[in-house]
Amino acid sequence: MAVTKLAVCGLCSQSCLIDATVENDRIQSVMKAQGHPHVRGSLCVKGAAQKQFIHHPDRLTQPMKRVGPKGRGDFVPVSWDEAIGAIARRLLETREESGAKASVYYAGHPKWFRRALGDLAAVYGSPNYGSESSCCNRAHGIAWDLVYGCNLRPDAARCKTFLIWSSNPAYSRDGSLAQIRSVQKRGGKVIVVDPRVSPTAAAADIHLQINPGTDGALALALADVLIREDLYDRDFVERYCVGFEEFRAYAAEFPAERSAAICGVSAEKIVQTAREIAGGGLSILISSCSIVHCVNGVQNERAVIMLSALTGSFDRPGGNCSLTGETAALDDNHQNLAPRPDIGDDISGGAFPIWQKLVNEAQCIHLADVILTQQPYKVRNLISFGLNPQMWPEPDKMLKALESLEFLVVTDLFWNEACERADYVLPACTAVERDQVIVGQDNHLFFIPRPIGPGSKLPDVEIILRLAHAMGLHSEILDLPDFDAYLDYILRPTGVSLAELKTAPDGLTARKTKSGKPYSYERGLKTPSGKVEFVSSRLAACDRDGYSPLPEFRDWRTLAGDRERYPFLLVSGGRRAQFFHSCTYRVPWLSALEAHPLVFMHPDDIAKCGLANGGNALVRTPLGALRFTVAADIGVKPGVVHIYHDDPDGSINRLISSDWLDPISGFPSFRSSLCAVEAADEETGVL
Ligand code: SF4
């Protein structure tokens, strides 16, 4: 008989609560959780299709061991004990023979188990724990750390102006359009900066449709107007900032007319926007991986976020604020990683000194090169969870690297191209196949039992604990006996145990909470000067090309190479409502919603190139060419080409160079590369 059970959707990072109707241990349908007193989120198109995700025929169901040559796909099922024992022995032997650093521990999507994996790597002794943050989010964090020593969230509920920069939360954040409307309803203004007319941009009061990668020039022009017209918060700047005079002089090099020509928006609109954001109450929302996917990304984002200090909005109500009030938090923050040993000897080889100082994981963007060239040293083992080779620029190089590795372990939900090159493949549970504890509204805690069984699959944390036990590694987390004990452990800061929560179907209110600490600039920020840094002392200390202490604007278009041969600006990485990176392309209901892979172009460009809407086109870069279906889009700027990332039928990262990186963060240029577009037919070869 079918029963409806509460569950947590784990298809993206929002963890919405859903009602899953279950029969014979299979999900039959899902809907937004009804009548739950502390419900959050809703049900997006991805979540609604999750029945096809959870029960997909490509799901891994048992541990497997390779028995034939790599790449031939000859695997046999083995028990968990056999797989864990063999992997543990291999890791211990390698440490004995080559040192701990010869083993890399890598986390892709999802994120919840990273703290345990970081512990495993650190206690094993390897500095080489890394994650998909090597090209997502961390560069954004670095920009904030350089300027403010912290990264504060926008306070959209109280802001005067909501500045949404290079982000389309309409497709990536549940409820964002309602949030925009509520800002407007109470008289606030919504300003969107985006090269495309996205649904978010269409809902804005002002949309600045800039050329991709010119964010820094626009931000400097806005700063210049604020300073010239004496609209900045002089008191905040004098008391809490350093380097203002140098910044003022630099911003003066970007008058509105000059930046208008660089950015492709009118000078009048720049001046109008600057006047709009003056006076405080400016909340800035930036996608974690948009501005920074550019060779000048960190510097551009520094310039943008400095507008918060200039307008006196930083860490004040309506601006980007510290958390205040009493909050209950689980001890599951995947960013609270154990300190890494021998950081200076990680696989980055010292290429990114600011990253090494500010980010507690190895920058893995060069992982394929490290494996293939054995520089700065030989990597022998890669222990991976959720590794997607297509995440890297030039993913074919990563596939070659995985094939050449001595020993590869792939933990995943689905059979994929990394599995084909693995020595052991381990099946992990989805969010609906493992128990969950969550914090709801008003610090109320819930235990949500898994609605369906895991079969032979295990929660990622359980796999990590078993590996640690088999290797005799110890830490507070690694000594936990199993996943249940882990859930009890992460509940500790709330003063509620797992045992009592399991017996409370309506949940329990946390007994212990933490109080937020507002106005950190008054106590001193975590920058070297303790103040907001318009001129970065950390960057000054590095003295490297691209590390200007001021938020220097470098126009990537003038650095990118042959504009005549590759006249279009190639932007990838935007979100589609039905896709979450590569995860949901395999879901038939979602994949069928529109033809793909698509290249979005302005109709004028389609005509100029002799193409037809719905016809074939080859998108070419110096790395080769791939075939796409042409999609006319008046929301794309003329001269720009937009392609969604991670489409398995046309992985645009194959055309993006792995050497064209932001020098500070090492982030690839997913949004700042050049390309050509030409007519193609079905016969035209690719790459
Ligand atoms: S995929 Fe959709 S329903 Fe699931 S957590 Fe994300 S936003 Fe919520």
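In this predicted model, Val193 is placed opposite Leu208, a residue of strand 11. The two strands concerned are strand 10, which spans residues 189–193, and strand 11; they run parallel and are joined by three bridges. This pairing belongs to an open sheet of four strands, whose order is 11-10-9-13 and whose pairing is parallel. At the edges of this sheet stand strand 11 (206–208) and strand 13 (282–286), each of which pairs on one side only. From one strand to the next, the twist averages 15 degrees.

Helix 14, made up of residues 297–310, lies across strand 9 (161–165) and strand 13. Relative to strand 13, helix 14 runs at about 155 degrees.

Helix 12 may be considered next. This helix covers residues 256–263, and its buried residues are Ala256, Ser259, Ala260 and Cys263. Why do these residues lie on the same side of helix 12? They cover an arc of only 110 degrees around the axis, and therefore they share one side of the helix. The other side of helix 12 carries Glu257 and Ala261, which are exposed. As for what the buried residues meet, they pack against helix 9 (215–228) and helix 13 (267–277). Just after helix 12 comes Gly264, where phi is positive, at about 80 degrees.

Strand 20, residues 444–448, is joined to strand 21 over two bridges in the antiparallel sense. Which residue of strand 21 is the bridge partner of His444? That partner is Thr509.

The surroundings of the ligand complete this account. How many residues lie around the ligand, and which come nearest? There are 12 residues around the ligand, and those that come nearest are Cys9, Cys12, Cys16, Cys44 and Gly47.

Notes:
Residues are numbered from 1 along each chain as its sequence is written. This is a predicted model: local features need pLDDT of at least 70, side-chain atom pairs count only at pLDDT 80 or more; totals for chains, interfaces and linings use all residues. Two strands pair if DSSP finds at least two bridges between them. Axes are lines fitted to C-alpha atoms, for helices over the stretch in contact, and angles run from 0 to 180 degrees between N-to-C directions. Two residues are in contact if their C-beta atoms, placed from the backbone, lie within 7 Å. A residue is near a molecule or strand if its C-beta atom, placed from the backbone, lies within 6 Å of it. A residue is buried if 20 or more other C-beta atoms lie within 10 Å of its own, exposed if 12 or fewer, and partly exposed in between; C-beta atoms are placed from the backbone. The arc is that of the directions from the helix axis to the C-beta atoms.
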